[in-house]
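Grab a pencil and work through the exercises below. Try each task yourself before you read its solution.

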Amino acid sequence: MAELSLREAVGRAIAQEMRRDPNVVFMGEDVAAAGGVFKSTVGLLEEFGPERVIDTPISEQAILGAIMGASMTGLRPIAEIMYSDFFAVCWDLVVNQMAKTRYMTNGQVSLPLVMKTGNGGGLRFGAQHSQSIENWAMAVPGIKVVMPSTPRDLIGLFAASVRDDDPVIFLEQKALYASKGEVEDGEIVEPLGKAAIRRQGGDATIVTIGTMVPRALEAADRLHQEEGISCTVIDLRTLIPLDAACVLDMVSATGRLFTVEENPRVLGWGAEIASIVADEIFYDLDGPLVRIATPYIPLPAAGELEDKTIPSVDAIVETIRKRMG
Amino acid sequence: MSMTYAPGEPTQPAGAPPSLQVRLALYRRMVELRVFEKRVYDVFLQGLVKGTTHLSLGEEAISAAYGEAMRKDDWTFATYRGHAHTLSRGVPMAPIMAELMGRRGGLMAGKGGSMHLTSVEHGMMGSYAIVGAHLPIANGAALSAKYRKSGQVAVCFFGDGTTNIGAFHEALNFAAVWKLPIVFVCENNLYMEYTAISAVTAVEHPAADRAGAYGLERILVDGNDADVMYETATRTLERARSGEGPSLVEALTYRHAGHSRADPGKYRPDQEVAEWMQRDPIDIYRARLLSQGVDASVLGRIDSDVADAVAVATEVAKASPPPGEDLIMKDLWSDGSSTWRN
Ligand SMILES: Cc1ncc(C[n+]2csc(CCOP(=O)(O)OP(=O)(O)O)c2C)c(N)n1
Ligand SMILES: [Mg+2]
């Protein structure tokens, strides 16, 4: 058992998979000699050498193309796209190439690859280094979308992503890099498509993911203490595949659904969840489906502004208190 | 050593000419590509092929030569103009024709269509319809060959227009930095879709003139001369296989038809078209073989064999049933399903 930060978990996750399988290679900008701009990949070059841990030019299309071609021909490559905002310059490789190739070729081509990236806001970086791309990714049939909220989950879900035979976008929430958690020794693998129930309560179900998980948990504690409202908190962990069954079970039991989403509201993943719930268990509901999300704007940089846009613990408590009233 | 070609002065092959066996194979392949694609044109007009097709009529020497020179386990990455490149890897005609017709017996059971022909078992790693995207992908295959020390080479075909998209430049630099076993083959047919490449490009030779920017040799060759192309293919494949790194080949050629089925090609001057029709790669090759003593009956036999094979393939394709709805929800994921939630 050790206490690890999410940042440290990234390095351990990659090393775990590279030790296990010589076909795993890792590339990205500044990831090898410098150990990554978030210092999450320090030591990998020393352990695995320059043929497996590769510093690339600033060529996002070349990077994603390289892992796609390598994965078609026997390797299990991992690429880092430094900030998820940068997917916008290589989105063709994701949407038109990786996502469509197996289907178009009638199953001839497998693409066991992982695209890991620093995602989300909260660090006062401004609009071009704070994007939440989970909704973009989820909207593309053929890409799995994973977003861990704890160091242990990061390792386990990363291992499953590398071992999966389909392309995965692996979202590391930058705002969580410094957060810590207990991680046991030895190999950790967690299945994709299985949500975690982080807290149980009878009055409402909060469905969330990533950076919003610790905020939702803190909000749930406060709601319990201050208002006597007891909430279940579901950490989805993966958006594709989606553990809809877990959501439906918990919302049926509590009768209320709140989503807490870091992404801009319009067409966010919570809309899909709300639509599934409305469609399939409408008569189990005791009140409206409520989405708590970042508004429909690019993220502002200054702390005072950014904190008022991304759902905060206060905002979550306030919304749930009001809407449950 | 570089080879250059200005229209009007055909280059001579630099090395020893290929063996007679190779030359007859090249001839057969080019005739196959020509007759097959003319048939595609016909069946399109008959309404048996929907959507679009992009033919390589007039450009056959390039893919035929590489197909002949490549090792069986080498990889081809091609564009939407990829029928010829697929045939050149030995993929049978009937499933290609059936794919164009959207039939169950198609190469991808009708799920890909004309622009996405793929046959992994033949090393045909895909036809890509977003301009430039497959150059970085081909690099990845080359990277994997290098990592696994397998001796395989990736060959990536694309057009002149593709040299102006960012992915081209990212891919060339990436391949050069890691000395990847890859050959980039620019089929310069002088036009992108409907615009002359010269009207929108800073240099005269869109690939060759940029090779130096990536530390690569300037290679400009006559893409309508099958012997030149075969020699170029052998040389560049050998360079890649021996660890010396990538090559960027610019092969000058011309398409006989429009860009795609929608295009009558009216933007090209009549005089230019007429000149290039005189430089038909198959006519040139046939005349050369005859002048070098190959018996006309040998070539005649190849011509009629190919015609028969294309006719049979067309009938096989026509007889294939439609794909069937069971395929729609299959093969999004590696478990064969398209399930995204439980
Ligand atoms: C990114 C992108 N932009 C535009 C197109 C539309 N398009 C299809 S083919 C083509 C021309 C490509 O020209 P070239 O590379 O010379 O190849 P050719 O068709 O002449 O073989 C264009 C513009 C596309 N498919 N992808
Ligand atoms: Mg062209």
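## Exercise 1: the magnesium site

B:Asp160 is buried, and so is B:Tyr191; buried means under 20% relative accessible area, exposed over 50%, and partly exposed in between, with a 1.4 Å probe and protein chains only. Before going on, note that this is a predicted model, where local features need pLDDT of at least 70, side-chain atom pairs count only at pLDDT 80 or more, and totals for chains, interfaces and linings use all residues. Residues are numbered from 1 along each chain as its sequence is written, chains are lettered from A and ligands numbered from 1 in the order in which they are written, and side-chain values use heavy atoms, with hydrogens and water left out.

**Task.** Find the protein donors of the magnesium ion (ligand 2) and their spacing along the chain.

**Solution.** 
- Step 1: Know what to look for: donors are N, O and S atoms within 2.8 Å of the metal (3.2 Å for Na, K and Ca), and since water is not among the atoms, sites may look incomplete.
- Step 2: Write the spacing as D-x28-N-x1-Y. B:Asp160 is in the loop between strand S3 (154-159) and helix H6 (166-177) of chain B, while B:Tyr191, 31 residues apart from it, is in the loop between strand S4 (182-188) and helix H7 (208-211), so the pair links distant parts of the chain. Helices (H or I, at least four residues) and strands (E, at least two) are DSSP runs, numbered from the N terminus.

## Exercise 2: buried or partly exposed?

**Task.** Sort A:Val10, B:Ile182 and A:Leu217 into buried or partly exposed, then list what they touch (contact means heavy atoms within 4.5 Å).

**Solution.** 
- Step 1: A:Val10, in helix H1 (residues 6-20) of chain A, counts as buried because its relative accessibility is 1%. Leaving aside neighbours within four places in sequence, A:Val10 contacts A:Ser40, A:Lys116, A:Leu154, A:Glu172 and A:Tyr177.
- Step 2: B:Ile182 belongs to strand S4 of chain B and has a relative accessible area of 0%, so B:Ile182 is buried. Not counting residues up to four places away in sequence, its contacts include B:Ala138, B:Val153 and B:Pro246.
- Step 3: A:Leu217 lies in helix H7 (residues 212-227) of chain A; with 23% relative accessible area, it is partly exposed. With residues up to four places away left out, A:Leu217 touches A:Arg198, A:Arg199 and A:Val233. A:Leu217 and A:Val233 are 16 residues apart in sequence, with their C-alpha atoms 6.8 Å apart.

## Exercise 3: chain A as a whole

**Task.** Check whether the radius of gyration of chain A agrees with that of a compact globule.

**Solution.** 
- Step 1: Take the rule: 2.2 Å times the number of residues to the power 0.38, with the radius taken over C-alpha atoms.
- Step 2: For 325 residues, a compact globule would come out near 20 Å; chain A has 19 Å, so the two agree.
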